[in-house]
Amino acid sequence: MQFYIDSADIEEIRQANKRGWVDGVTTNPTLVAKTGRKNADVIKDICKEVKGLVSAEVISLQADEMVREGLELAKIADNVVVKIPMCEEGLVAVRRLASDGIKTNVTLIFSPLQALLVAKAGATLVSPFVGRLDDIAYDGMELISQITQIYENYEMDTQVLVASIRHPIHVLQSALMKADIVTCPYKVFAQLVNHPLTDKGIAQFLKDAAAMPK
Ligand code: G3P
């Protein structure tokens, strides 16, 4: 399973990259707005920092405009993936970008049938949002189970990128369901590292080492 970081903060991405948590990056307008910088400038800096795919989102909702924006974003670097919100016009844009050889990631997916349409349109990645479903008392991970099953049934090439991850259990369940990618905030990766018994064990080893003859 690949690890992407869900961030537009270059320093955070650098730190995560050093720790081996950056097979790719996902951004969205909310994350980029927090940097106070232009989308294209942020994406350019991220693409210099990482080798994997970097999702950069369009803001238009009309197919021609999405394609125009997508082509501009794709010029920034070879590893840019054009992120498109799920809607009818978005599916038109995905088809057109795919026929030009541009990679796409369709975002804001909340149902398995949306994901089926995304794969049929030829998207590279699909982004189901698990945390936002949990927030409204639906089972976000059930969506991942259904999408991975449908894609397996029909040998679809689109990769499942689990997004809106809030805690380590989302990562564990994604791995058990054979999702292709998880995109996590830095904080969640850091949570994966820690275990109280590990801390206790380290403390004991240090104590015992201190008692060894010098
Ligand atoms: O990049 C999209 C996604 O991961 C958003 O997560 O926490 O805003 O629901 P969240």
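**Exercise 1. Determine which residues Ala-115 touches, not counting residues up to four places away in sequence.**

Solution. Step 1: locate the residue. Ala-115 belongs to helix H6 (residues 112-121); helices (H or I, at least four residues) and strands (E, at least two) are DSSP runs, numbered from the N terminus. The model is a predicted one, in which local features need pLDDT of at least 70, side-chain atom pairs count only at pLDDT 80 or more, and totals for chains, interfaces and linings use all residues. Residues are numbered from 1 along each chain as its sequence is written, and side-chain values use heavy atoms, with hydrogens and water left out.

Step 1: Ala-115 counts as buried because its relative accessibility is 0%; buried means under 20% relative accessible area, exposed over 50%, partly exposed in between (1.4 Å probe, protein chains only).

Step 2: list the contacts. With contact taken as heavy atoms within 4.5 Å, Ala-115 touches Ile-109, Val-126, Ile-147 and Tyr-151. For Tyr-151, 36 residues apart from Ala-115 along the chain, the C-alpha separation is 8.9 Å.

**Exercise 2. State whether Ser-55 is buried or exposed, and why.**

Solution. Step 1: Ser-55 is placed in strand S3 (residues 53-57). Step 2: Ser-55 has 1% relative accessibility and therefore counts as buried. Step 3: beyond neighbours within four places in sequence, the contacts of Ser-55 are Val-25, Thr-26, Thr-27, Ile-43, Val-81, Lys-83, Asn-105 and Leu-125.

**Exercise 3. Identify the buried residues of helix H9 and what covers them.**

Solution. Step 1: in H9 (residues 168-176), the buried residues are His-170, Val-171 and Ser-174. Step 2: these lie on the same side of H9, because they cover an arc of only 100° around the axis, the arc being that of the directions from the helix axis to the C-beta atoms. Step 3: their cover includes strands S1 (2-6), S7 (159-162) and S8 (181-184), together with helices H7 (130-135), H8 (140-153) and H10 (186-193). Step 4: just after H9, Lys-178 adopts a positive phi of about 60°.

**Exercise 4. Describe the surroundings of the ligand.**

Solution. Step 1: Asp-6, Asn-28, Lys-83, Phe-129, Arg-132, Ala-163, Ser-164 and Arg-166 surround the ligand, each with a heavy atom within 4 Å of it. Step 2: polar side-chain atoms lie at 3.2 Å from a ligand oxygen atom for Asn-28 and at 2.8 Å for Arg-166. An N or O atom in the side chain of Ser-164 is 2.7 Å from an oxygen atom of the ligand. Step 3: of the 310 Å² of accessible area that the ligand has on its own, the protein covers 81% (Shrake-Rupley method, 1.4 Å probe).

How values were computed. Polar contact = N/O pair within 3.5 Å; in protein donor to acceptor, adjacent residues only side chain to side chain.
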